[in-house]
Amino acid sequence: MPNTYHTEAYDDQRPGTSGLRKKVSHFQQPNYLHNFVQATFDVIGNFAGSTLVVGGDGRYYNREAIQIILRMAAANGFGRVLVGAGGILSTPAASCIIRKHGAYGGLILSASHNPGGPNEDFGIKYNTGNGGPAPESVTEAIFSRSIEITRYRMLEAADIPIDNIGSYYLGEMAVEVIDPTEEYTKLMESLFDFDAIRHLLAGDFSILFDAMHAVTGPYAMEILHHRLGAPAEAILNAEPKEDFGGGHPDPNLTYAKELVARMFGEDAPAFGAASDGDGDRNMVLGDHFFVTPSDSLAVLTANADCAPGYANGLDGVARSMPTSGAVDQVAKAMGLECFETPTGWKFFGNLMDAHRVTLCGEESFGTGSSHVREKDGLWAVLFWLNILAVRKLSVTEIMQQHWVKYGRNYYSRHDYEGVETTAAQAVMHRVQAAFPALQDGTLAGREVATCDDFAYRDPIDDSLSEHQGLRILFTDGSRIIFRLSGTGTVGATIRIYFESFESDVARQGQDTQAALAGLIHSAESISDLANITGRSAPTVIT
Ligand code: VG1
Ligand code: CO
(Lines give C-alpha, C1' and ligand atoms only; values in the text may rest on other atoms or scores of the structure.)
(Ligands and ions follow the chains in the order given, each with its own letter.)
Protein backbone atom coordinates (compact mmCIF):
# COMPACT_ATOMS: atom_id res chain seq x y z
CA MET A 1 0.00 0.00 0.00
CA PRO A 2 1.30 3.47 -0.83
CA ASN A 3 2.11 5.55 2.17
CA THR A 4 -0.24 8.32 3.17
CA TYR A 5 1.11 11.22 5.20
CA HIS A 6 -0.65 13.93 7.15
CA THR A 7 -0.03 17.52 6.04
CA GLU A 8 -1.13 21.05 6.94
CA ALA A 9 -2.59 23.18 4.16
CA TYR A 10 -1.02 26.45 2.96
CA ASP A 11 -3.19 29.34 1.82
CA ASP A 12 -0.90 30.89 -0.79
CA GLN A 13 -0.78 28.36 -3.61
CA ARG A 14 -2.93 30.24 -6.10
CA PRO A 15 -1.16 29.98 -9.46
CA GLY A 16 -0.32 33.21 -11.32
CA THR A 17 -0.07 33.91 -15.05
CA SER A 18 1.94 30.74 -15.54
CA GLY A 19 1.85 28.39 -12.57
CA LEU A 20 2.92 28.66 -8.95
CA ARG A 21 6.12 30.69 -8.50
CA LYS A 22 7.83 31.40 -5.19
CA LYS A 23 11.28 31.72 -3.69
CA VAL A 24 13.13 28.41 -3.39
CA SER A 25 13.07 28.69 0.42
CA HIS A 26 9.30 29.03 0.25
CA PHE A 27 9.09 25.78 -1.72
CA GLN A 28 11.40 24.13 0.83
CA GLN A 29 8.92 24.61 3.68
CA PRO A 30 7.59 21.31 5.03
CA ASN A 31 5.37 19.64 2.42
CA TYR A 32 4.92 22.85 0.40
CA LEU A 33 5.67 21.16 -2.93
CA HIS A 34 4.00 17.93 -1.82
CA ASN A 35 0.76 19.79 -1.08
CA PHE A 36 0.65 21.43 -4.49
CA VAL A 37 1.39 18.21 -6.32
CA GLN A 38 -1.19 16.26 -4.29
CA ALA A 39 -3.80 19.01 -4.77
CA THR A 40 -3.14 18.75 -8.50
CA PHE A 41 -3.45 14.96 -8.54
CA ASP A 42 -6.63 15.21 -6.46
CA VAL A 43 -8.45 17.37 -9.03
CA ILE A 44 -7.26 16.37 -12.49
CA GLY A 45 -9.44 13.30 -12.83
CA ASN A 46 -8.85 9.62 -13.32
CA PHE A 47 -5.30 9.07 -14.45
CA ALA A 48 -4.83 5.56 -13.04
CA GLY A 49 -2.34 3.65 -15.16
CA SER A 50 -1.68 6.56 -17.53
CA THR A 51 1.44 8.58 -18.36
CA LEU A 52 2.78 11.74 -16.73
CA VAL A 53 5.59 13.88 -18.18
CA VAL A 54 7.99 15.57 -15.76
CA GLY A 55 10.90 17.91 -16.39
CA GLY A 56 12.17 21.38 -15.75
CA ASP A 57 14.53 24.15 -16.73
CA GLY A 58 17.37 22.81 -14.58
CA ARG A 59 17.27 25.53 -11.96
CA TYR A 60 18.18 24.99 -8.31
CA TYR A 61 15.77 22.54 -6.58
CA ASN A 62 14.76 20.95 -9.93
CA ARG A 63 16.36 17.61 -9.08
CA GLU A 64 14.94 17.34 -5.56
CA ALA A 65 11.49 18.32 -6.79
CA ILE A 66 11.58 15.67 -9.52
CA GLN A 67 12.41 12.89 -7.04
CA ILE A 68 9.51 13.98 -4.82
CA ILE A 69 7.10 14.13 -7.78
CA LEU A 70 8.17 10.68 -9.03
CA ARG A 71 7.50 9.05 -5.67
CA MET A 72 4.16 10.85 -5.36
CA ALA A 73 3.12 9.91 -8.90
CA ALA A 74 3.86 6.26 -8.08
CA ALA A 75 1.83 6.36 -4.87
CA ASN A 76 -1.06 8.09 -6.62
CA GLY A 77 -1.36 5.44 -9.32
CA PHE A 78 0.24 6.76 -12.51
CA GLY A 79 1.34 3.90 -14.76
CA ARG A 80 4.38 5.59 -16.21
CA VAL A 81 6.39 8.80 -15.94
CA LEU A 82 8.57 10.18 -18.72
CA VAL A 83 11.32 12.37 -17.33
CA GLY A 84 13.96 14.29 -19.26
CA ALA A 85 17.54 13.15 -18.55
CA GLY A 86 19.16 15.35 -15.92
CA GLY A 87 15.65 16.55 -15.08
CA ILE A 88 15.81 18.75 -18.18
CA LEU A 89 12.85 19.51 -20.42
CA SER A 90 12.26 22.88 -21.99
CA THR A 91 8.65 23.98 -21.65
CA PRO A 92 7.91 23.55 -25.39
CA ALA A 93 9.68 20.15 -25.42
CA ALA A 94 7.54 19.04 -22.45
CA SER A 95 4.46 20.09 -24.39
CA CYS A 96 5.71 18.18 -27.44
CA ILE A 97 6.34 15.02 -25.39
CA ILE A 98 2.94 15.14 -23.65
CA ARG A 99 1.28 15.29 -27.08
CA LYS A 100 3.47 12.70 -28.82
CA HIS A 101 2.99 10.10 -26.08
CA GLY A 102 -0.68 10.79 -25.41
CA ALA A 103 0.22 11.50 -21.80
CA TYR A 104 -2.48 12.36 -19.29
CA GLY A 105 -0.59 15.56 -18.49
CA GLY A 106 2.71 16.91 -17.27
CA LEU A 107 4.35 18.80 -14.44
CA ILE A 108 6.79 21.46 -15.61
CA LEU A 109 9.26 22.83 -13.10
CA SER A 110 10.28 26.36 -13.91
CA ALA A 111 10.07 29.98 -12.92
CA SER A 112 10.80 30.84 -16.53
CA HIS A 113 12.67 34.13 -16.88
CA ASN A 114 13.05 34.69 -13.12
CA PRO A 115 16.57 34.17 -11.69
CA GLY A 116 17.47 30.82 -10.12
CA GLY A 117 19.58 29.64 -7.18
CA PRO A 118 19.08 28.98 -3.46
CA ASN A 119 17.92 32.56 -2.87
CA GLU A 120 15.97 32.96 -6.09
CA ASP A 121 12.82 31.53 -7.64
CA PHE A 122 11.31 28.13 -8.30
CA GLY A 123 8.02 27.23 -9.93
CA ILE A 124 5.70 24.44 -10.97
CA LYS A 125 2.73 24.18 -13.27
CA TYR A 126 0.43 21.49 -14.54
CA ASN A 127 -0.18 20.99 -18.26
CA THR A 128 -3.13 18.98 -19.54
CA GLY A 129 -3.21 16.23 -22.16
CA ASN A 130 -3.27 18.70 -25.07
CA GLY A 131 0.21 19.76 -23.92
CA GLY A 132 -0.89 23.22 -22.81
CA PRO A 133 -1.05 25.01 -19.46
CA ALA A 134 -4.14 23.99 -17.51
CA PRO A 135 -7.05 26.37 -18.08
CA GLU A 136 -8.26 28.65 -15.30
CA SER A 137 -11.02 26.22 -14.31
CA VAL A 138 -8.34 23.63 -13.46
CA THR A 139 -5.86 26.01 -11.81
CA GLU A 140 -8.68 27.38 -9.64
CA ALA A 141 -9.72 23.85 -8.67
CA ILE A 142 -6.11 23.06 -7.72
CA PHE A 143 -5.99 26.18 -5.57
CA SER A 144 -9.30 25.35 -3.85
CA ARG A 145 -8.02 21.88 -3.10
CA SER A 146 -4.68 23.18 -1.82
CA ILE A 147 -6.29 25.19 0.97
CA GLU A 148 -8.14 22.20 2.40
CA ILE A 149 -5.64 19.42 1.83
CA THR A 150 -4.84 17.23 4.87
CA ARG A 151 -2.87 14.30 3.42
CA TYR A 152 -0.59 13.37 0.58
CA ARG A 153 0.57 10.05 -0.85
CA MET A 154 4.17 9.19 -1.40
CA LEU A 155 6.05 5.97 -1.97
CA GLU A 156 9.08 5.30 0.17
CA ALA A 157 11.81 4.48 -2.29
CA ALA A 158 15.35 5.32 -3.31
CA ASP A 159 16.09 8.09 -5.84
CA ILE A 160 15.82 7.29 -9.55
CA PRO A 161 19.13 7.93 -11.41
CA ILE A 162 17.65 10.65 -13.61
CA ASP A 163 20.96 11.36 -15.32
CA ASN A 164 20.97 7.99 -17.02
CA ILE A 165 18.68 7.36 -19.96
CA GLY A 166 16.86 4.08 -19.35
CA SER A 167 13.84 2.38 -17.80
CA TYR A 168 13.30 2.00 -14.07
CA TYR A 169 10.52 1.08 -11.68
CA LEU A 170 9.12 2.80 -8.64
CA GLY A 171 6.79 0.23 -7.11
CA GLU A 172 4.53 -0.65 -10.03
CA MET A 173 5.09 2.57 -11.92
CA ALA A 174 7.56 2.65 -14.83
CA VAL A 175 9.96 5.58 -15.00
CA GLU A 176 11.53 6.25 -18.37
CA VAL A 177 14.42 8.67 -18.42
CA ILE A 178 14.45 10.04 -21.98
CA ASP A 179 16.66 12.22 -24.16
CA PRO A 180 15.19 15.71 -23.68
CA THR A 181 16.00 16.87 -27.22
CA GLU A 182 15.15 13.93 -29.48
CA GLU A 183 11.40 14.27 -30.03
CA TYR A 184 11.57 18.03 -30.12
CA THR A 185 14.30 18.01 -32.75
CA LYS A 186 12.23 15.68 -34.93
CA LEU A 187 9.26 18.00 -34.64
CA MET A 188 11.36 20.99 -35.72
CA GLU A 189 12.70 19.02 -38.69
CA SER A 190 9.14 18.30 -39.77
CA LEU A 191 8.18 21.99 -39.75
CA PHE A 192 11.19 23.77 -41.24
CA ASP A 193 13.42 23.42 -44.26
CA PHE A 194 16.62 22.30 -42.53
CA ASP A 195 18.45 21.96 -45.88
CA ALA A 196 17.75 25.59 -46.76
CA ILE A 197 18.86 26.79 -43.33
CA ARG A 198 22.00 24.63 -43.46
CA HIS A 199 22.81 26.17 -46.82
CA LEU A 200 22.26 29.68 -45.45
CA LEU A 201 24.54 29.06 -42.47
CA ALA A 202 27.22 27.52 -44.68
CA GLY A 203 27.58 30.85 -46.50
CA ASP A 204 28.72 34.14 -44.99
CA PHE A 205 25.55 34.44 -42.90
CA SER A 206 26.65 34.20 -39.27
CA ILE A 207 24.45 33.78 -36.23
CA LEU A 208 24.66 34.04 -32.46
CA PHE A 209 22.27 32.34 -30.05
CA ASP A 210 22.37 33.15 -26.33
CA ALA A 211 21.06 30.27 -24.22
CA MET A 212 21.66 32.36 -21.08
CA HIS A 213 22.95 29.30 -19.16
CA ALA A 214 19.39 28.05 -19.19
CA VAL A 215 17.50 25.14 -20.66
CA THR A 216 17.89 25.85 -24.39
CA GLY A 217 21.65 25.18 -24.36
CA PRO A 218 21.36 21.45 -25.15
CA TYR A 219 18.57 22.07 -27.67
CA ALA A 220 20.50 24.80 -29.49
CA MET A 221 23.64 22.64 -29.54
CA GLU A 222 21.74 19.72 -31.03
CA ILE A 223 19.73 21.70 -33.58
CA LEU A 224 21.73 24.79 -34.51
CA HIS A 225 25.19 23.25 -34.19
CA HIS A 226 24.91 19.52 -34.91
CA ARG A 227 22.03 19.50 -37.38
CA LEU A 228 22.35 22.89 -39.03
CA GLY A 229 26.10 23.37 -38.95
CA ALA A 230 26.41 26.61 -36.97
CA PRO A 231 29.79 26.69 -35.21
CA ALA A 232 29.70 25.71 -31.52
CA GLU A 233 30.95 29.23 -30.64
CA ALA A 234 27.70 30.61 -32.10
CA ILE A 235 25.90 29.28 -29.02
CA LEU A 236 26.67 31.57 -26.07
CA ASN A 237 26.24 30.37 -22.48
CA ALA A 238 25.25 26.92 -23.71
CA GLU A 239 25.69 25.04 -20.46
CA PRO A 240 22.56 24.99 -18.25
CA LYS A 241 23.40 26.07 -14.70
CA GLU A 242 21.33 25.87 -11.55
CA ASP A 243 21.68 29.62 -11.06
CA PHE A 244 21.85 30.56 -14.77
CA GLY A 245 25.38 31.76 -14.12
CA GLY A 246 24.01 34.39 -11.74
CA GLY A 247 22.12 36.05 -14.60
CA HIS A 248 18.53 36.92 -15.23
CA PRO A 249 17.47 34.47 -17.97
CA ASP A 250 15.14 36.91 -19.64
CA PRO A 251 15.83 37.51 -23.34
CA ASN A 252 15.41 41.25 -23.65
CA LEU A 253 17.62 44.24 -24.38
CA THR A 254 18.46 44.73 -20.71
CA TYR A 255 19.24 41.20 -19.56
CA ALA A 256 20.74 39.58 -22.69
CA LYS A 257 23.72 41.92 -22.34
CA GLU A 258 26.45 39.95 -24.06
CA LEU A 259 24.34 39.15 -27.10
CA VAL A 260 23.07 42.71 -27.44
CA ALA A 261 26.61 44.09 -27.18
CA ARG A 262 27.76 41.84 -30.02
CA MET A 263 24.74 42.45 -32.24
CA PHE A 264 25.17 46.21 -31.87
CA GLY A 265 28.98 46.11 -31.96
CA GLU A 266 31.62 45.94 -34.66
CA ASP A 267 31.38 43.04 -37.14
CA ALA A 268 27.95 42.12 -35.85
CA PRO A 269 26.53 38.82 -37.09
CA ALA A 270 23.55 38.84 -39.46
CA PHE A 271 21.20 37.25 -36.96
CA GLY A 272 21.06 36.99 -33.19
CA ALA A 273 18.59 35.41 -30.80
CA ALA A 274 18.16 34.46 -27.17
CA SER A 275 15.76 32.37 -25.13
CA ASP A 276 14.68 32.36 -21.50
CA GLY A 277 15.05 30.05 -18.50
CA ASP A 278 12.58 27.43 -19.72
CA GLY A 279 13.00 27.93 -23.47
CA ASP A 280 9.59 29.28 -24.37
CA ARG A 281 10.59 32.89 -25.08
CA ASN A 282 12.67 34.37 -27.86
CA MET A 283 14.29 37.64 -28.78
CA VAL A 284 15.25 38.18 -32.42
CA LEU A 285 17.91 40.65 -33.51
CA GLY A 286 19.48 41.59 -36.80
CA ASP A 287 22.76 43.37 -37.40
CA HIS A 288 22.20 46.52 -35.30
CA PHE A 289 18.47 45.85 -35.29
CA PHE A 290 15.93 44.79 -32.64
CA VAL A 291 12.73 43.08 -33.73
CA THR A 292 9.88 43.70 -31.31
CA PRO A 293 8.09 40.47 -30.40
CA SER A 294 4.83 41.94 -31.68
CA ASP A 295 6.43 42.63 -35.07
CA SER A 296 7.97 39.18 -35.06
CA LEU A 297 4.53 37.57 -34.84
CA ALA A 298 3.36 39.73 -37.75
CA VAL A 299 6.39 38.81 -39.87
CA LEU A 300 6.00 35.09 -39.20
CA THR A 301 2.33 35.33 -40.18
CA ALA A 302 3.01 37.28 -43.37
CA ASN A 303 5.82 34.89 -44.41
CA ALA A 304 4.43 31.63 -43.07
CA ASP A 305 4.41 30.04 -46.53
CA CYS A 306 8.24 30.06 -46.51
CA ALA A 307 8.21 27.19 -43.99
CA PRO A 308 7.06 23.73 -45.13
CA GLY A 309 5.03 23.17 -41.95
CA TYR A 310 2.88 26.23 -42.67
CA ALA A 311 2.90 26.32 -46.48
CA ASN A 312 -0.67 25.05 -46.69
CA GLY A 313 -2.05 28.14 -44.99
CA LEU A 314 -3.00 29.20 -41.48
CA ASP A 315 -6.26 28.62 -39.60
CA GLY A 316 -6.08 32.02 -37.98
CA VAL A 317 -3.91 33.99 -35.58
CA ALA A 318 -4.15 35.23 -32.00
CA ARG A 319 -2.30 37.68 -29.82
CA SER A 320 -2.54 38.65 -26.17
CA MET A 321 -4.32 41.93 -25.51
CA PRO A 322 -1.21 44.01 -24.68
CA THR A 323 0.58 42.73 -27.81
CA SER A 324 0.63 45.31 -30.60
CA GLY A 325 -1.87 45.15 -33.43
CA ALA A 326 0.85 44.53 -36.05
CA VAL A 327 -0.43 41.00 -36.64
CA ASP A 328 -3.98 42.32 -36.99
CA GLN A 329 -2.89 44.29 -40.06
CA VAL A 330 -1.44 41.16 -41.64
CA ALA A 331 -4.47 39.05 -40.73
CA LYS A 332 -6.76 41.62 -42.33
CA ALA A 333 -4.73 41.59 -45.54
CA MET A 334 -4.62 37.79 -45.62
CA GLY A 335 -8.27 37.31 -44.71
CA LEU A 336 -7.43 35.45 -41.48
CA GLU A 337 -9.41 35.45 -38.25
CA CYS A 338 -7.51 37.29 -35.50
CA PHE A 339 -8.23 36.84 -31.78
CA GLU A 340 -7.30 39.03 -28.81
CA THR A 341 -6.88 37.09 -25.56
CA PRO A 342 -5.75 37.97 -22.02
CA THR A 343 -2.07 37.70 -21.11
CA GLY A 344 -0.80 34.14 -20.62
CA TRP A 345 -0.47 31.21 -23.01
CA LYS A 346 -3.29 29.21 -21.45
CA PHE A 347 -5.83 31.34 -23.31
CA PHE A 348 -4.58 30.20 -26.74
CA GLY A 349 -5.12 26.48 -26.07
CA ASN A 350 -8.86 26.30 -26.78
CA LEU A 351 -8.46 28.27 -30.01
CA MET A 352 -5.70 25.94 -31.23
CA ASP A 353 -7.56 22.78 -30.19
CA ALA A 354 -10.59 24.02 -32.17
CA HIS A 355 -8.37 24.73 -35.22
CA ARG A 356 -9.27 28.38 -35.15
CA VAL A 357 -5.66 29.61 -34.89
CA THR A 358 -2.29 28.33 -36.03
CA LEU A 359 0.09 31.10 -34.90
CA CYS A 360 -0.07 33.11 -31.71
CA GLY A 361 2.11 35.45 -29.76
CA GLU A 362 2.65 37.84 -26.90
CA GLU A 363 4.59 41.07 -26.63
CA SER A 364 6.64 39.46 -23.84
CA PHE A 365 8.95 37.66 -26.29
CA GLY A 366 6.58 34.75 -26.80
CA THR A 367 5.67 33.28 -30.17
CA GLY A 368 4.37 29.87 -31.02
CA SER A 369 2.02 27.73 -33.05
CA SER A 370 -0.28 24.75 -32.83
CA HIS A 371 2.73 22.39 -33.22
CA VAL A 372 2.71 22.37 -29.39
CA ARG A 373 0.57 24.18 -26.80
CA GLU A 374 3.27 26.42 -25.34
CA LYS A 375 5.18 29.32 -26.77
CA ASP A 376 8.42 28.12 -28.27
CA GLY A 377 11.70 30.04 -28.36
CA LEU A 378 13.82 27.89 -30.68
CA TRP A 379 10.86 27.32 -32.98
CA ALA A 380 10.67 31.09 -33.55
CA VAL A 381 14.41 31.23 -34.21
CA LEU A 382 14.16 28.43 -36.78
CA PHE A 383 11.12 30.06 -38.37
CA TRP A 384 13.06 33.29 -38.82
CA LEU A 385 16.08 31.45 -40.23
CA ASN A 386 13.81 29.59 -42.65
CA ILE A 387 12.29 32.89 -43.83
CA LEU A 388 15.72 34.52 -44.17
CA ALA A 389 16.97 31.50 -46.14
CA VAL A 390 14.06 31.70 -48.56
CA ARG A 391 13.76 35.46 -48.94
CA LYS A 392 17.49 36.15 -49.02
CA LEU A 393 17.07 39.52 -47.29
CA SER A 394 18.54 40.84 -44.06
CA VAL A 395 16.46 41.10 -40.88
CA THR A 396 16.36 44.87 -41.29
CA GLU A 397 15.20 44.62 -44.90
CA ILE A 398 12.46 42.15 -43.98
CA MET A 399 11.22 44.49 -41.25
CA GLN A 400 11.36 47.65 -43.34
CA GLN A 401 9.54 46.06 -46.26
CA HIS A 402 6.97 44.75 -43.82
CA TRP A 403 6.29 48.23 -42.42
CA VAL A 404 5.95 49.73 -45.89
CA LYS A 405 3.33 47.15 -46.75
CA TYR A 406 1.38 46.92 -43.48
CA GLY A 407 2.31 50.06 -41.53
CA ARG A 408 4.43 50.23 -38.40
CA ASN A 409 3.11 49.75 -34.89
CA TYR A 410 5.49 51.63 -32.62
CA TYR A 411 5.48 49.64 -29.42
CA SER A 412 7.13 49.62 -26.02
CA ARG A 413 6.60 48.16 -22.56
CA HIS A 414 7.80 49.88 -19.39
CA ASP A 415 8.16 47.67 -16.32
CA TYR A 416 8.42 48.93 -12.77
CA GLU A 417 9.63 45.85 -10.92
CA GLY A 418 9.55 45.14 -7.17
CA VAL A 419 7.10 47.93 -6.33
CA GLU A 420 5.37 47.73 -2.98
CA THR A 421 2.07 45.87 -3.50
CA THR A 422 -0.17 48.53 -1.98
CA ALA A 423 1.50 51.27 -4.04
CA ALA A 424 1.03 49.26 -7.22
CA GLN A 425 -2.64 48.81 -6.44
CA ALA A 426 -2.96 52.51 -5.73
CA VAL A 427 -1.54 53.28 -9.18
CA MET A 428 -4.13 51.01 -10.79
CA HIS A 429 -6.96 52.62 -8.82
CA ARG A 430 -5.71 56.03 -9.79
CA VAL A 431 -5.78 55.11 -13.48
CA GLN A 432 -9.25 53.65 -13.25
CA ALA A 433 -10.48 56.72 -11.42
CA ALA A 434 -9.29 58.83 -14.36
CA PHE A 435 -11.39 56.88 -16.86
CA PRO A 436 -14.68 58.83 -16.68
CA ALA A 437 -12.92 62.13 -17.37
CA LEU A 438 -10.93 60.60 -20.23
CA GLN A 439 -13.89 59.03 -22.03
CA ASP A 440 -14.50 61.02 -25.20
CA GLY A 441 -11.82 63.50 -24.17
CA THR A 442 -8.26 63.88 -25.38
CA LEU A 443 -4.90 62.78 -24.00
CA ALA A 444 -1.47 63.44 -25.45
CA GLY A 445 -3.22 65.36 -28.22
CA ARG A 446 -5.08 62.25 -29.29
CA GLU A 447 -8.79 61.59 -29.10
CA VAL A 448 -9.73 58.89 -26.59
CA ALA A 449 -12.19 56.37 -28.01
CA THR A 450 -12.86 54.40 -24.86
CA CYS A 451 -11.36 53.19 -21.57
CA ASP A 452 -12.06 49.83 -19.99
CA ASP A 453 -10.91 46.97 -17.80
CA PHE A 454 -10.28 44.18 -20.32
CA ALA A 455 -12.48 41.09 -20.02
CA TYR A 456 -12.43 38.06 -22.31
CA ARG A 457 -15.17 35.64 -23.16
CA ASP A 458 -13.60 32.45 -24.51
CA PRO A 459 -15.27 31.79 -27.88
CA ILE A 460 -14.95 28.03 -27.47
CA ASP A 461 -16.03 27.28 -23.89
CA ASP A 462 -17.73 30.59 -23.08
CA SER A 463 -15.72 31.09 -19.86
CA LEU A 464 -15.21 34.69 -18.75
CA SER A 465 -11.89 36.15 -17.53
CA GLU A 466 -12.11 39.61 -16.04
CA HIS A 467 -9.72 42.33 -14.83
CA GLN A 468 -7.06 41.57 -17.41
CA GLY A 469 -5.68 45.08 -17.76
CA LEU A 470 -6.75 48.73 -17.85
CA ARG A 471 -6.93 50.06 -21.39
CA ILE A 472 -7.04 53.55 -22.84
CA LEU A 473 -7.91 53.19 -26.51
CA PHE A 474 -7.54 56.11 -28.90
CA THR A 475 -9.45 56.75 -32.12
CA ASP A 476 -6.20 56.68 -34.14
CA GLY A 477 -5.47 53.13 -32.96
CA SER A 478 -2.98 54.13 -30.26
CA ARG A 479 -3.23 52.43 -26.88
CA ILE A 480 -1.97 52.75 -23.32
CA ILE A 481 -2.44 49.69 -21.10
CA PHE A 482 -1.74 49.24 -17.39
CA ARG A 483 -1.39 45.74 -15.94
CA LEU A 484 0.02 44.14 -12.82
CA SER A 485 2.30 41.18 -13.45
CA GLY A 486 1.21 37.73 -12.31
CA THR A 487 4.63 36.05 -12.41
CA GLY A 488 6.75 37.92 -9.86
CA THR A 489 7.60 36.66 -6.40
CA VAL A 490 8.58 39.87 -4.63
CA GLY A 491 6.21 42.83 -4.32
CA ALA A 492 4.41 43.84 -7.51
CA THR A 493 5.46 44.71 -11.02
CA ILE A 494 3.57 47.40 -12.89
CA ARG A 495 3.63 47.00 -16.65
CA ILE A 496 2.66 49.88 -18.92
CA TYR A 497 2.29 49.12 -22.62
CA PHE A 498 2.38 51.81 -25.32
CA GLU A 499 1.40 51.54 -28.94
CA SER A 500 0.87 53.89 -31.83
CA PHE A 501 0.28 53.06 -35.49
CA GLU A 502 2.11 54.79 -38.34
CA SER A 503 1.16 54.11 -41.94
CA ASP A 504 3.18 57.02 -43.39
CA VAL A 505 6.47 55.52 -44.59
CA ALA A 506 8.25 58.86 -44.15
CA ARG A 507 7.50 58.69 -40.42
CA GLN A 508 8.43 55.06 -39.85
CA GLY A 509 12.10 55.64 -39.10
CA GLN A 510 11.73 57.31 -35.70
CA ASP A 511 13.24 56.12 -32.47
CA THR A 512 10.55 54.10 -30.63
CA GLN A 513 10.72 55.94 -27.30
CA ALA A 514 10.61 59.28 -29.12
CA ALA A 515 7.63 58.23 -31.22
CA LEU A 516 5.77 57.19 -28.07
CA ALA A 517 6.96 60.06 -25.85
CA GLY A 518 3.58 61.81 -25.70
CA LEU A 519 1.78 58.65 -24.61
CA ILE A 520 4.51 57.79 -22.10
CA HIS A 521 4.36 61.21 -20.52
CA SER A 522 0.55 61.11 -20.28
CA ALA A 523 0.60 57.67 -18.70
CA GLU A 524 3.01 58.84 -16.03
CA SER A 525 0.91 61.87 -15.26
CA ILE A 526 -2.56 60.29 -15.13
CA SER A 527 -1.29 57.43 -12.96
CA ASP A 528 0.75 59.70 -10.66
CA LEU A 529 3.18 56.79 -10.64
CA ALA A 530 6.28 58.70 -9.56
CA ASN A 531 4.55 60.14 -6.49
CA ILE A 532 2.79 56.98 -5.46
CA THR A 533 5.68 54.56 -5.95
CA GLY A 534 8.68 56.82 -5.55
CA ARG A 535 10.02 55.54 -8.87
CA SER A 536 11.29 58.04 -11.38
CA ALA A 537 12.01 55.59 -14.19
CA PRO A 538 11.09 52.06 -15.28
CA THR A 539 13.33 49.12 -14.27
CA VAL A 540 13.17 47.59 -17.74
CA ILE A 541 12.16 49.10 -21.06
CA THR A 542 11.52 46.79 -23.98
C1 VG1 B 1 4.57 37.43 -18.13
C2 VG1 B 1 4.28 37.94 -19.53
C3 VG1 B 1 3.22 37.07 -20.18
C4 VG1 B 1 3.70 35.61 -20.18
C5 VG1 B 1 4.04 35.19 -18.76
C6 VG1 B 1 4.61 33.79 -18.71
O7 VG1 B 1 3.40 37.48 -17.35
O8 VG1 B 1 3.85 39.28 -19.50
O9 VG1 B 1 2.98 37.54 -21.49
O10 VG1 B 1 2.70 34.77 -20.70
O11 VG1 B 1 5.00 36.08 -18.21
O12 VG1 B 1 5.76 33.68 -19.48
P13 VG1 B 1 3.12 38.67 -16.31
O14 VG1 B 1 1.84 38.28 -15.64
O15 VG1 B 1 4.30 38.76 -15.42
O16 VG1 B 1 2.97 39.92 -17.15
V17 VG1 B 1 6.94 32.57 -19.03
O18 VG1 B 1 8.17 32.61 -20.20
O19 VG1 B 1 7.20 33.09 -17.49
O20 VG1 B 1 6.06 31.12 -19.06
CO1 CO C 1 9.45 31.16 -20.05
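Let us begin with a sheet: 4 strands form it in the order 16-15-17-18, it is open, and its pairing is mixed. The strands at its edges are strand 16 (337–341) and strand 18 (366–369), and each of them pairs on one side only. On average, and with direction ignored, neighbouring strands of this sheet are turned by 15° against each other. Such angles are taken between N-to-C directions and run from 0 to 180 degrees, with axes as lines fitted to C-alpha atoms. Strands here are DSSP runs (E, at least two residues), numbered from the N terminus, and two strands pair if DSSP finds at least two bridges between them.

Before we go on, a word about the model. It is a predicted one, in which local features need pLDDT of at least 70 and side-chain atom pairs count only at pLDDT 80 or more, while totals for chains, interfaces and linings use all residues. Residues are numbered from 1 along each chain as its sequence is written, chains are lettered from A and ligands numbered from 1 in the order in which they are written, and side-chain values use heavy atoms, with hydrogens and water left out.

One place to look is serine 320, whose bridge partner in strand 16 is threonine 341.

A second open sheet has 7 strands in the order 20-21-24-25-26-19-27, with antiparallel pairing. Strand 20 (442–443) and strand 27 (540–541) each have a single partner strand, so one side of each is left without a neighbour in the sheet. Further in, strand 21 (residues 446–453) and strand 24 (residues 470–474) run antiparallel and are joined by 5 bridges. Here aspartate 453 has leucine 470 in strand 24 as its bridge partner.

Now turn to the ligands. Around ligand 1 there are 20 residues, of which Thr17, Ser112, Ser364, Thr487 and Arg495 come nearest; a residue counts as near if one of its heavy atoms lies within 4 Å. This shell has 10 polar, 10 charged and no nonpolar residues. Asp, Glu, Lys and Arg count as charged; Ala, Val, Leu, Ile, Met, Phe, Trp, Tyr, Cys and Pro as nonpolar; and the others, Gly among them, as polar. Oxygen atoms of ligand 1 lie 2.5 Å from a polar side-chain atom of serine 112, 2.6 Å from one of arginine 483, and 2.9 Å from an N or O atom in the side chain of aspartate 280.

Serine 112 and aspartate 280 also meet the metal. The cobalt ion (ligand 2) is coordinated by Ser112 (OG), Asp276 (OD), Asp278 (OD) and Asp280 (OD), at 2.0 to 2.1 Å. Serine 112 sits in the loop between strand 5 (105–109) and strand 6 (121–128), and aspartate 280 in the loop between strand 12 (271–274) and strand 13 (283–286), so this pair, 168 residues apart, links distant parts of the chain. Donors are N, O and S atoms within 2.8 Å of the metal (3.2 Å for Na, K and Ca); water is not among the atoms, so sites may look incomplete.

Methods:
A polar contact is a pair of N or O atoms within 3.5 Å; within protein, one must be able to donate a hydrogen and the other to accept it, and residues adjacent in sequence count only if both atoms are side-chain atoms.
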